[in-house]
Amino acid sequence: MASPIHRKSDRRVWKACLACRRKKVKCDGEEPCHGCQSRNQKCEYPDTNDNAAASRRDASSLDKHYRIIEALGLRLEGLTQTLSECILAIRDTNNRTGLPLNPGSNCDSRSESRTRSLSREEDMETEDDIPGTDHLDAPPTPTSYKSRDRVGHMVPDSYGRLRYLGGAANNLVIEAVQGLSPSPGRSPHSAQASIPQASIEMPFFQHGQVWPELPYLPSANELARPPQYVADLLVGIYFDQLHYTFPILDQTRFVSQYRAMTAGSPVKRGFLSVFFAVCACASGLLPREPGAAGLVGIDYYQKALLLFWASSGEVFLEQAQCLGLLAVCSAGWNTVAQSWRLVGQAVRIAQDLGLHIASLKDAHVSTSDHDADAQVAQRVWWGLFTLDCLTSICLGRPMAAKLDDCCCELPSADGDSSPMAGFVAFTRLCRIAAKVHRLHGSPPVRRETWTARWQHLRPAVDRLVHELEHWLQQLPDEIRFSANRIQTGPSLTMCFIVFILHSAIIMNLYRPLVGQTLSTPTDPSSECISAARSCIQAAELIRERVPPSHHLAFCVQYLTISGILLWTMENPQSDQPAAGLTDVYQALQSLMELECVWPCASRGRAILERLLQHPRADASAHLPSLPVLDGLWEPFSPSTADMVFNGL
């Protein structure tokens, strides 16, 4: 009689693996089967279109999920029982130690403690809401990151890529699910120095669901690339003349991928979109012939945009880099409104990737790759922030990147003499410019008197002035004194860029205060005039130093504004009214010299020429006919919005 161990099962086997079929032996239908397991082979079953087999697979899958749910339910019951026992133990401890037995009193004490804690937090948030409360413009410490990092997670999307998901409600859902199966040696509720990476699926993303390819857009292989010598020229010009003012790319990685592409290796769609965007930006840096078309490099621009839209449904770093570069290219064409829209989309993508949060990498894991990724993330975020800041200030529109939502460290400067030192100093100044823009950009409270508004503005203005002074003290000597040296280079270019922005901040800070009664020793008119003259003096050298980009658009705009500001503040009753207009004529001459590299400077020149043709007292009669900036003069109608710098 056969042993029960070796007795064959009477159940009918409905499937057989490929190995058993080839050997024509009996298969038990298990995964893996007994034959493959004994032979130490891989057990594979063929796909079938048999409806009965599909039904059996579905039934088996449902049974498996049912067993998992049943196990989770039993675990929840155990956790509930443990929680109840802990509550009873705490109550017994309170009874023995003589603590109040009334639950309401405990609630009241906890509520009072929580109220005090919340009041302190609200006071801190209130200070953060008022621009200029970040004392001395110092970057936030890593300790301040923890409270914000704990309300967000990096969760996988349908493509398996990590995306940022924040908010207390989502954080509660993620930690609740993670608490059912916590990883060994790590509590889900422990304070973390980095953003937790949740491996669970959230309701917003369905694993395996991908977007179909757009049939009307060309693929990456169908887009013609420039010849090798042209591509080498454009890439070299970009990194020599523009990259250090907008370091959104990692030059080492880009060059490595570019060489692999030229060697014939398969290229990804994300890198190819960035490559075309680089070519579009570099095309605007080439010398132009008189009367040449304004949209130089539009072919590369369109190809990069096509590749961006072809990646519908996906989110990756190259998308933010591509849109940022296209925004720089659009600003170089003087279509700043388009640049503002593109950089707004890039900021949203960066926030989707969690670049606005400081701790993207685990603090316990420190490798060269992690450090390089963190540096690239910081460069991308702050590069987009500075671009968003300048375009928003030019257009007088809200910024997409809010300082209150950002707790990202500044990129490493690598010494005061490195090109990154100038960009870091420029970024710090843009943070102050964003606060000034928000301070005067927010609409005042209805029926609010100037006295009440000044009581709210004065502390913020004083803090911003203090931050500007501290920024100037911390400015590296390589940037501060580069204008006094003969040699040219990135430091000299960044010197002119930050100098123009510094003057623009002072004008924007004090211009709304001109003509108001202030109880301060500072005269807003004198500050505006001094800043405008400084801007005009610095503009004499920007023609050969600042590349055509958002930086040059900003410089030309505030050169025009400085001339208009000095003209409006000229006293017509002065004994020598023409003496105060010397700087205005100097601004006019600078705009004429800039027309060869920035043709739209002719629009600003035309404004100053028309203004200088009329006395200051009769200006109101001529202003409506002048194509000036939208919002600068109140008598203008909305139809004159898109004038000097495409609506700047």
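This passage describes the fold of one protein chain, from its overall make-up to selected local features.

The structure is a predicted model, in which local features need pLDDT of at least 70, side-chain atom pairs count only at pLDDT 80 or more, and totals for chains, interfaces and linings use all residues. Residues are numbered from 1 along each chain as its sequence is written, and side-chain values use heavy atoms, with hydrogens and water left out.

The protein contains 21 helices and two strands, where helices (H or I, at least four residues) and strands (E, at least two) are DSSP runs numbered from the N terminus. Of its 648 residues, 42% count as buried; buried means under 20% relative accessible area, exposed over 50%, and partly exposed in between, with a 1.4 Å probe and protein chains only. Contact denotes heavy atoms within 4.5 Å. Among contacts between residues at least 6 apart in sequence, 70% join residues at least 24 apart.

Strands E1 (residues 152-156) and E2 (residues 162-166) run antiparallel and are joined by five bridges; two strands pair if DSSP finds at least two bridges between them. They form a hairpin with five residues between them, and Gly-160 in the turn has a positive phi of about 90°. Met-154 has Tyr-164 in E2 as its bridge partner. Tyr-164 is also one of the residues in contact with Gln-351, along with His-356, Trp-381 and Ala-400, when neighbours of Gln-351 within four places in sequence are left aside. Gln-351 belongs to helix H12 (residues 336-352) and is buried, with a relative accessible area of 13%.

Helix H17 (residues 490-510) has 21 residues, which at 1.5 Å a residue should span 30 Å; the expected span is 1.5 Å times one less than the number of residues. The end C-alpha atoms of H17 are 31 Å apart, which agrees. Because 18 of its 21 residues are buried, H17 is largely enclosed by the rest of the structure.

A search of the whole structure finds three cavities of 30 Å³ or more. A cavity is a set of points, on a 1 Å grid over the protein atoms alone, where a 1.4 Å probe fits but cannot get out; lining residues have an atom within 4 Å of a point. Grid points are joined across faces, edges and corners, and a volume is the space filled by probe spheres set on the points. The largest cavity has a volume of about 70 Å³, and its lining includes Leu-242, Arg-288 and Pro-548. The largest share of this lining, three residues, comes from H11.

How values were computed
1 Å grid on protein atoms, 1.4 Å probe; cavity = no way out; pocket = protein on both sides within 12 Å on 5 of 7 lines; lining within 4 Å.
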